[in-house]
Amino acid sequence: MMQIHSGGPKRPNVHVLGDYGPQAAQMIADAILTTIAETGRCRLGLAGGRTPAPVYGQLRALLPASAYRQLRVTWTDERVLEKVGHAPGDWQPFDPESNLRMAYAEWLSKVPISHENVLPMSLSGDARVELLRFGKAFRAQFDGGLDIALLGLGSDGHVASLFPGHPALDVDDLALAVHDSPKPPAARISLTLPVLKRARTVIILARGKAKSDVIVRAMAGDAALPVTRFLEHPRAFFLLDSAAARGIVLAELDAMTPGE
Ligand code: 6PG
């Protein structure tokens, strides 16, 4: 593991991980256990997409069974997909494309977490209904906030379902419905930027060379990118693999090279 930047304005903590799944999972597990030790609970928002799957798969071995009594899990965004009913705690009927199903398949179905401690973001294909249901439950069960927000990163700089130039970036409710996501499916529920930024800890997960350029742009402070809004967060951590970090590592090396 290599750390490129340590905190400070516009220089968040960037960790380049050689063994991505296990090392990212260890950092997330440490953050969960520290939050529980300090506050007696941990309200965790899970990222969607493909990047987190190998990370969630490693969490099972890193958290003691006792942690699940104080851990509450929801998502930072979810795809709104036609779903066929749902018995609390039963994840099988969920659409394979849902962020919930990925998290259950990799982690939550294998650990002793009560279904009362898991708050799905969308249970049907009706975004309006789901937004109302989720918003009420998020306020009641999570006090309308997160301790740890996990976010994936799109190559266009989006996080959760907050896309560049989208009006959703200006919404200051707890959550919102997006109907025109440029990343399919079009319909999604997402936590808002203010809620994500209020999280005690924000962990941004990015793997692969497709994310290298957007990370260079973000670290340079490109305000058009939603991810750039987190650069000055006091506890924002970018967890990258070497491919995603390539651009900023080369830029750091260039900056160290005396003028020719
Ligand atoms: C989703 C996610 C989305 C994702 C990024 C990165 O529902 O797809 O919320 O924000 O985290 O697009 O996706 P990958 O990890 O698959 O590259």
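**Ligand site**

I started at the ligand: one of its oxygen atoms sits 3.3 Å from a polar backbone atom of Gly 48. I count a polar contact as a pair of N or O atoms within 3.5 Å; within protein, one must be able to donate a hydrogen and the other to accept it, and residues adjacent in sequence count only if both atoms are side-chain atoms. With Lys 211 it is a polar side-chain atom that lies 2.7 Å from an oxygen of the ligand. On its own the ligand exposes 410 Å², and the protein buries 95% of that (Shrake-Rupley areas with a 1.4 Å probe; for residues, only the protein chains shown count as cover).

Which residues come nearest to the ligand? Out of 14 around it, they are Thr 51, Asp 77, Arg 79, His 158 and Ala 160 (near is a heavy atom within 4 Å).

**What I am working with**

This is a predicted model, where local features need pLDDT of at least 70 and side-chain atom pairs count only at pLDDT 80 or more, while totals for chains, interfaces and linings use all residues. Numbering runs from 1 along each chain as its sequence is written, and side-chain values use heavy atoms, with hydrogens and water left out.

I checked confidence next: the chain averages a pLDDT of 94, and 96% of the residues score at least 70 (pLDDT is the predictor's confidence in each residue, from 0 to 100).

**Seven-stranded sheet**

I traced an open, mixed sheet of seven strands, ordered S1-S2-S10-S9-S6-S3-S4. Elements are DSSP runs numbered from the N terminus: helices are H or I with at least four residues, strands E with at least two. Two strands pair if DSSP finds at least two bridges between them. Strand S1 (2–3) and strand S4 (71–75) are the edges, each pairing on one side only. S9 (201–206) and S10 (236–240) run parallel, joined by five bridges; Ile 203 has Phe 237 in S10 as its bridge partner.

**Three-stranded sheet**

I also found an open antiparallel sheet in the order S5-S8-S7. Strand S5 (77–79) and strand S7 (175–178) each have a single partner strand, so one side of each is left without a neighbour in the sheet. Four bridges join S7 to S8 (188–191), and Val 178 has Arg 188 in S8 as its bridge partner.
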